[in-house]
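Let's take a friendly walk through this model, one region at a time. Keep the 3D view open as you read.

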Amino acid sequence: MAQVLPLKASKKGSKKRRKMENKRRILLVDDDLNILEVLKMRLELKGYEVVTASDPEEALALFEEGDFDVVITDQRMDKMTGQELMLECQKIDPTTQVILFTAYGTIEQAVATVKAGAFSYVTKPVDHHDLALKIEKAIEKRDLLRQLANLRQMVVEKFLFEDMVGESPKMKAVFRQIMAVAPTESTVAIYGESGTGKELVAKAIHIHSQRAKGPFVAVNCAAIPETLLEDELFGHVKGAFTGAVASKVGLFVQANRGTLFLDEVGEMSPTMQAKLLRVVETGEVRPLGSDQVKKVDVRLIVATKRDLQKMVKEGLFREDLYYRIHVVPIYLPPLRERKEDIPLLMRHFFKKFSEKMGKKIETIQPEVVDLFVSYHWPGNVRELENLVEYLTALAPGQVITKAMLANTPLVQERPPVEFRPLREAKDQFVRRYLEDLFKLTRGNVSQAARLAGYYRADFYKLFQKYGLDPKKYRQRREPLDVGKDLRKS
């Protein structure tokens with residue numbers, strides 16, 4: 001979506017705007033017009049910019065339009081209480097500070113509203129000195145919250161865990177999920193194509209969990225024959241079968257008090273699925289050839305490139321096991337869906353392999369970057385990493401040129417573009433455009449309509465046609481606060 005840039009303002013207009021921007025903005029809401037008029041005058045004399053509303057729905061519309069430092073609202077109003085208005089405003093901006101007007105008979109309700117998230121309350125008739133102090137403190141609190149949010153955002157803007165690099169919205173969402181689920185004991189199911197970094201996600205979850213000091217054990221279920229997979233997972237005792245000259249500790253026991261990562265769990269046979277289910281349900285493993293069970297304390301993380309839900313419907317995967325492991329799903333986007341991350345990955349891997357090979361790659365021609373970005377990457381990040389290693393090894397000097405891509409898939413003939421009906425393509429474009437608008441404006445309908453060049457009423461009809469709900473985009477997601485051990489240069 002094209003970036004919307006403001007037109008250059010006149011010098012006179014710029015001075016006026018700077019003067020207004022320096023003022024703190026207050027939204028004043030009360031159905032008593034006399035109170036509005038008096039308070040507006042007093043607050044403006046103290047240097048605030050004050051916007052008034054006598055109706056809570058009107059106030060909410062004004063709040064959507066502008067950036068307010070403090071909302072001061074009466075508790076008792078028609079259509080909406082002060083607390084209800086506060087909650088709606090905080091959905092749009094969680095840093096919003098709200099001060100309530102309340103009568104002596106409703107102080108108990110005002111206190112409850114403060115517990116629900118209001119900054120404070122002021123009784124009527126208003127003590128203007130008390131109100132001024134509380135406004136000042138509310139602004140200080142909002143400033144601190146915004147500074148904290150900005151610091152967290154600076155951290156989340158660039159996230160690096162080994163070779164997991166990303167600034168795209170989809171990868172930031174994955175990083176937030178990692179940090180949210182890591183401290184829990186929930187089983188995680190990671191879905192993604194080959195090469196998207198499923199094991200890196202599993203390691204990140206382990207490192208940020210309460211089990212970080214315990215072992216992280218990984219196994220690729222697709223790489224081990226069924227007859228050997230049971231032995232790998234559960235182990236055996238001496239003499240359990242021909243050739244078992246010594247006992248073997250299985251991976252479940254090795255991962256005790258830590259994390260066991262089962263990659264490609266969708267490739268397990270029905271027999272192994274049943275045995276895995278039993279361990280998940282009981283927390284007990286029985287080594288081959290033994291009549292003794294061992295208790296294990298293991299957090300399970302699984303991964304697959306297959307659609308397990310579809311496999312359940314087709315009878316290829318046990319439904320009971322599916323619901324045991326599909327507790328917290330994390331979906332990793334393929335590289336073709338986060339192309340804005342490709343230049344970051346290129347820089348990261350060229351630096352990595354340059355240091356490893358004792359080379360000094362300093363320049364990558366723009367044509368090379370363009371080809372990397374336009375390629376569809378069926379092997380995802382793993383394929384990109386392998387290609388960067390190849391180019392680094394091949395490079396005779398410090399510059400990566402287009403000529404060096406001659407024997408790579410990036411310059412080979414590409415398959416024809418798959419066309420779809422025009423109406424279907426148009427609908428898909430419009431829906432994505434609207435989603436991007438709501439993300440950009442955090443669900444602000446008026447602002448989104450203005451950017452789209454639509455009247456508000458017409459814009460409502462448009463996004464409702466595509467089943468979109470702007471409220472879903474209003475809740476500000478807490479930025480991910482990653483640890484230093486996840487960021488490596």
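Five strands make up an open sheet with parallel pairing, in the order 2-1-3-4-5. Strands here are DSSP runs of E with at least two residues, helices are runs of H or I with at least four residues, and both are numbered from the N terminus. Two strands pair if DSSP finds at least two bridges between them. At the edges sit strand 2 (49-53) and strand 5 (120-123), each of which pairs on one side only. On average, neighbouring strands of this sheet are turned by 20° against each other, direction ignored.

A word on the source: this is a predicted model, in which local features need pLDDT of at least 70 and side-chain atom pairs count only at pLDDT 80 or more, while totals for chains, interfaces and linings use all residues. Residues are numbered from 1 along each chain as its sequence is written, and side-chain values use heavy atoms, with hydrogens and water left out.

## Inside the sheet and on its face

Within this sheet, strand 1 (residues 25-29) and strand 3 (residues 70-74) pair in the parallel sense over four bridges. To find the pairing in your viewer, look for Ile26, which stands opposite Val70 in strand 3.

Helix 3 (residues 56-65) packs on the sheet and touches strand 1, strand 2 and strand 3; touching, or contact, means heavy atoms within 4.5 Å. The direction of helix 3 makes about 140° with that of strand 2. Such angles run from 0 to 180 degrees between N-to-C directions, and axes are lines fitted to C-alpha atoms, for helices over the stretch in contact.

Is strand 15 (residues 298-304) enclosed or open? Six of its seven residues are buried, so strand 15 is largely enclosed by the rest of the structure. Buried means under 20% relative accessible area, with a 1.4 Å probe and protein chains only.

Strand 15 pairs in the parallel sense with strand 8 (residues 188-191) over four bridges, and Ile190 has Ala303 as its bridge partner. Strand 12 (residues 258-263) also pairs with strand 15 in the parallel sense, over five bridges.

## Two packed helices

Helix 17 (residues 422-441) packs against helix 18 (residues 445-452) at an angle of about 125°, and their axes are 9 Å apart. The contact brings Tyr433, Leu437, Phe438, Leu440 and Thr441 of helix 17 to Gln447, Ala448, Leu451 and Ala452 of helix 18.

Notes
Buried < 20%, exposed > 50% of the residue type's maximum accessible area, 1.4 Å probe, protein only.
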